[in-house]
Amino acid sequence: MHLSDFPDRLSPMLVKELRQGLRTKSFIAVFLTLQALLGIILLTASAAATSDHAGSSISNIIFIFFSIAVLIIQPLRGIGALSSEVKGNTIDMMVLTRLSAWRIVTGKWSAIVSQSALILVTIIPYLILRYFFGGMNLLGEIVLLGMIFFTSATITAVTVGLSASGSIILRSVLPIVGLPIGAYALLMLLTFGGGIEDLVEFCALERKESWIGLSMFLAASAYLGFFFLSTGTSLIATYAENHSTLRRLIAFVTAIAAAILCSISTITDYEAIPFVFALILAPVFAVSLTEFAPLVSPVYLKFMKLGPLGRLAGLFFFPGWPSGVFFCALITIVAVIPFAINVPSYYDDDITIASLACLGTLLFPAALVNLLRMKGPQRVSNYILFGLASCILAMVLAGIGDSMSSRDFLWLFVWLPPVILAMQSSSGFSDDMLITAAVVIDAALFALLLILAQHNFRASINGIKDSLSEDNDSKEPEPTTP
Amino acid sequence: MSDSAITVHNLYRFFGPLQAVNGISFEIPHGSVCGFVGANGAGKTTAMRILASLDYPTMGHAEICGINVVHHPAEVRRLIGWMPDHFGNYDNMTVLEYLDFYARALGYKGAERRQRIDEVMDFTDLVPLADRFSNKLSKGMTQRLCLGRSLLHDPQVLIMDEPAAGLDPKARVELKHLIRVLAKEGKTIFISSHILSELGEMCDSLLFINNGRIVHHGDAESLKRSSDALGGVLYDVQLDGDPQALSDWTVLQPNIEFLESRKTGGRIRIDTEDPSKAADILSRMIRDNLRVIDFHREQRNLEDAFIDILANLEKDQNFTHAPPPIPGQPATPPPHAEVPVTVPDSTLP
């Protein structure tokens with residue numbers, strides 16, 4: 001009556017998830033359907049092997065089905081990964097073992113990713129068979145498969161991380177919004193334009209741009225994956241476990257590295273700079289400005305041991321949203337550096353307006369969440385939902401503007417930062433006016449958040465000091481929750 | 001090693017304006033079984049979660065075997081076994097796989113892991129269920145599985161939150177038996193329940209919590225004595241005819257309180273122990289045309305004692321003119337509303 005299906009050296013979480021996951025109907029259905037479809041397609045293609053395009057057609061079909069399986073279906077399975085444990089009250093029982101919250105989250109993630117890997121491995125024989133049809137760029141197709149798999153791992157990290165928030169709305173919105181967008185993007189990428197051929201050529205690594213592009217893609221995927229897994233970890237960990245300091249440090253180092261690379265003109269496509277920083281800052285803002293983590297004595301004391309430097313570091317790196325606001329202000333300053341340095345070479349109003357509007361779009365939902373004094377781990381999901389809602393509202397307003405003779409009424413909604421992006425795309429607004437409006441709104445949002453943060457930061461520091469002194473001296477309590 | 005298995009000192013836990021735990025202090029000696037009693041929302045689960053290092057106190061401290069639960073949660077987790085009040089089981093996982101996962105998670109490897117799983121399955125009688133899916137078990141079996149899981153690392157202290165809730169009588173008896181065996185093995189057990197009679201049978205001491213405050217700590221007998229001191233004797237009265245007549249009649253009688261209606265009568269409290277007064281009351285009932293067919297004194301049980309203590313506390317608090325709480329700030333408890341914690345000699349280390 002003993003189990004010997006998995007060796008001891010494997011992570012307990014991975015063993016558990018594989019035992020459960022390999023029996024789930026969704027995985028079995030995806031796996032068998034994919035095999036059946038690919039088998040039928042190859043047989044059909046063999047029968048029509050005289051066609052010149054048989055090989056590339058097989059490649060296209062393999063990539064489409066593989067992408068649907070690992071970029072849409074597998075990541076969607078992560079949406080319930082941690083929420084089911086939280087809802088079932090089993091997360092507490094796991095936390096009480098020697099498993100750290102990080103191992104629990106990565107175990108969940110690695111189980112889904114290893115099932116995706118299983119699907120990847122089963123694709124390879126079909127690719128080898130496809131080789132006989134000729135015209136195959138072997139390295140390009142293998143690297144492209146790897147990229148799709150890597151993207152799948154990143155999207156899975158996003159869904160697994162966010163699943164810890166337990167927000168039913170977010171878990172419903174993700175598939176509703178994500179599925180059509182993902183399916184549409186796949187369809188566009190694989191059937192129109194250059195299609196798979198261009199991607200395969202890019203992945204063949206014959207050009208310097210391919211190496212740079214792939215390296216940046218891998219770095220961005222790793223950063224996003226880590227960030228969301230770490231966020232999920234914070235949401236299920238006890239308050240004494242501090243994961244946010246490491247997360248912020250990594251974001252800070254990444255931002256500095258990006259600022260240096262952009263400042264020394266490694267990136268020649270200047271329009272990519274706002275995109276790079278949006279990628280770095282968006283997850284940082286979403287998590288740091290909403291993080292619900294009361295400051296507790298074990299975490300506080302670790303900082304205090306470092307003396308004045310620790311106190312200064314605490315201002316930016318303590319867990320919780322009040323220090324998160326200070327940290328976001330700091331990282332924004334870092335992000336502005338390359339713009340400031342390179343102003344003469346690529347000063348462009350469009351880039352400035354877009355960057356300022358994006359910054360406001362990231363700050364606006366945080367201001368709402370904190371003004372409404374939302375509590376608990378759902379703050380981050382509320383942030384995302386508010387952000388999505390404000391973008392949708394801006395699109396609706398832009399649509400109304402298109403149907404009217406004048407878009408001037410959009411000035412009434414300029415306080416909603418995504419509206420500035422809609423106004424930018426219209427020719428009726430002066431760039432200077434838009435820049436001024438965006439600067440004023442961003443400054444107002446930052447000022448509001450800083451005021452709220454300063455008040456709560458002081459309250460939590462006072463609370464923790466009271467709590468520490470209470471160990472020796474019994475007196476009436478003050479709440480420490482920011 | 002610390003003198004007490006569990007030490008709680010001046011523990012507070014606030015959720016915004018809600019004071020879930022409001023300055024509780026108590027000690028539980030090694031090897032004893034302590035029942036934790038209180039109504040829903042009294043603060044039992046919050047206090048137990050803090051002890052299990054799953055929640056964080058707003059103020060105060062708690063220790064397991066002398067180790068602070070906030071500063072050293074990892075060490076505390078090696079010492080405790082935790083049974084939550086409700087939990088879900090995993091889909092597509094057998095009982096054996098469930099225990100295997102937790103044994104791996106607790107760091108057991110190879111033969112040692114297999115041995116621990118065997119021991120726990122034998123103890124909780126889970127061997128016949130080894131290949132059953134864990135989410136297809138009955139409530140009683142699930143509780144045995146949960147107990148088995150919490151015993152895998154042979155903890156010194158077991159914290160059990162409402163383990164008997166929802167169990168049928170047979171499963172309840174089985175669970176009680178297992179707890180008795182564990183107590184005999186010298187484990188410290190901190191167990192919460194609504195069923196006071198069961199706790200009274202198996203606990204060395206009982207800890208009563210109300211509105212986040214400890215209102216009594218002592219053994220079952222000391223609880224009854226405290227309640228007796230509040231005065232009154234309980235009588236069961238059975239009538240031939242409309243049982244409503246009894247409650248109508250008691251409304252007009254001084255020194256008699258109608259406690260609860262029963263199928264053919266009701267339960268009353270007379271505020272004196274003098275038997276002649278009871279005889280007088282019976283005479284008055286008959287004189288007032290109540291057709292009494294049974295009138296006998298009832299033994300006061302733990303539920304009565306608990307309700308008496310709560311009623312008395314409520315009475316005291318009505319005389320307390322506490323200042324209104326400031327919006328957004330927790331109310332400060334008046335010092336004289338604190339009920340002193342009494343620890344019986346038998347439970348002292």
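**Exercise 1.** Leaving aside its neighbours within four places in sequence, which residues is Phe429(A) in contact with?

*Solution.* The model is predicted: local features need pLDDT of at least 70, side-chain atom pairs count only at pLDDT 80 or more, and totals for chains, interfaces and linings use all residues. Residues are numbered from 1 along each chain as its sequence is written, chains are lettered from A and ligands numbered from 1 in the order in which they are written, and side-chain values use heavy atoms, with hydrogens and water left out.

Step 1. Locate the residue: Phe429(A) sits in the loop between helix H19 (417–424) and helix H20 (431–470) of chain A.

Step 2. Apply the contact criterion, heavy atoms within 4.5 Å. The partners of Phe429(A) are then Arg407(A), Asp408(A), Leu410(A), Trp411(A), Met423(A) and Leu434(A).

**Exercise 2.** Classify the aromatic pair of Tyr235(B) and Phe295(B).

*Solution.* Step 1. Ring centres must lie within 6.5 Å; planes under 30 degrees apart count as stacked, over 60 as edge-to-face and the rest as tilted.

Step 1. Here the centres are 5.0 Å apart and the planes 25° apart, and the pair is stacked.

Step 2. Tyr235(B) belongs to strand E11 (residues 233–239) of chain B and Phe295(B) to strand E14 (residues 292–298) of chain B, so the pair ties together parts 60 residues apart in sequence.

Step 3. Tyr235(B) is buried at 9% relative accessibility, and Phe295(B) is buried at 18% (buried is under 20% relative accessible area, exposed over 50%, partly exposed in between; 1.4 Å probe, protein chains only).

Conventions:
Helices (H or I, at least four residues) and strands (E, at least two) are DSSP runs, numbered from the N terminus. Rings of Phe, Tyr and Trp (its six-membered ring) pair if their centres lie within 6.5 Å; planes under 30 degrees apart count as stacked, over 60 as edge-to-face and the rest as tilted.
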